[in-house]
Amino acid sequence: PFAWYRNEDGMLVESGADVGFAQSGSFRGVVATDHNGDGVLDPMVTSIADVTRFYLSDGCTENSWFEVSAPSGSRVELTVGDDLRVAWTSNESGWSSSGPSVAHFGLGLASEVSGLKVSTPDGEIYSAEGALRARRRVWVE
């Protein structure tokens, strides 16, 4: 089965039927990326014997987010207030699946990022200090 969970007071609660994910089949790969730019990841799910399913969000969040597109294998450090968050970019998103090389950060109610540092696999370091507005994607090439 393809299951969907939500965080409810620190507990994961299955909620697939509530959002249209209550399906079973022989699923093979999942690519989750923000296809429509609303900050919510939109999953595409492949099946071995059925059609590919694409679930596009409709902007169902008031929370902020920040994405960094950088070469695969880059280390991305994001400072939000006093909190340091770290992610690695990768084209791999699941078994037999690939997607864009993007690090996606959920920011909750924060409206800005106070620092960004990207270290690419070839040793280049890119950084930005000061207020960067949330709800956007930046590119490092």
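A residue counts as buried under 20% relative accessible area, as exposed over 50%, and as partly exposed in between. The exercises below apply this to a predicted model.

**Exercise 1. Classify methionine 44 by its relative accessibility, and state which surface patch includes Met44.**

Solution. 
1. Methionine 44 belongs to strand 4, which covers residues 42-47.
2. The relative accessibility of methionine 44 is 31%, so this residue counts as partly exposed.
3. Patches are made of residues with over 30% relative accessible area and no salt bridge.
4. Together with Phe54 and Leu56, Met44 makes a nonpolar surface patch of about 260 Å².

**Exercise 2. Describe the largest nonpolar core and the elements that give two or more residues to it.**

Solution. 
1. The largest nonpolar core contains 17 residues.
2. Those with the most contacts inside this core are Phe66, Val68, Leu78, Leu107 and Leu116.
3. Two or more residues each come from strand 6 (64-69), strand 7 (75-80), strand 11 (102-108) and strand 12 (112-119).
4. As a general background, nonpolar side chains in soluble globular proteins tend to be buried together.

**Exercise 3. Determine which residues leucine 78 contacts, leaving aside its neighbours within four places in sequence.**

Solution. 
1. A contact requires heavy atoms within 4.5 Å.
2. Among the partners of leucine 78 are Phe66, Phe105, Leu107, Val113 and Leu116.

**Exercise 4. Locate aspartate 9 and arginine 135, each with a positive phi, and classify their accessibility.**

Solution. 
1. Aspartate 9 has a phi near 55°, a positive value in a residue other than glycine.
2. Aspartate 9 lies in the loop between strand 1 (5-8) and strand 2 (11-14).
3. With a relative accessible area of 79%, aspartate 9 is exposed.
4. For arginine 135, phi is near 65°, again positive in a residue other than glycine.
5. The loop between strand 13 (125-133) and strand 14 (136-139) holds arginine 135.
6. Because its relative accessible area is 38%, arginine 135 is partly exposed.

**Exercise 5. Summarise the protein as a whole: its elements, its extent and its burial.**

Solution. 
1. The protein has 1 helix and 14 strands.
2. Its C-alpha trace spans about 45 × 35 × 25 Å along the principal axes.
3. Of its 141 residues, 35% count as buried.
4. The protein exposes about 8,500 Å², of which carbon and sulfur atoms supply 51%.
5. Among contacts with a separation of 6 or more, 45% involve residues 24 or more positions apart.

Definitions and conventions: Residues numbered from 1 in each chain as written. Predicted model: local features only at pLDDT ≥ 70, side-chain atom pairs only at ≥ 80, totals over all residues. Heavy atoms only, no water. Patch = residues over 30% accessible without salt bridge, like charges linked within 9 Å, V, L, I, M, F, W, Y side chains within 5 Å. Areas by Shrake-Rupley, 256 points an atom, 1.4 Å probe, with all protein chains shown as cover. Salt bridge = Lys/Arg side-chain N within 4 Å of Asp/Glu carboxyl O. Helix = DSSP H or I, 4+ residues; strand = E, 2+ residues; numbered from the N terminus. Buried < 20%, exposed > 50% of the residue type's maximum accessible area, 1.4 Å probe, protein only. Core = buried A, V, L, I, M, F, W, Y, C linked by side-chain atoms within 4.5 Å.
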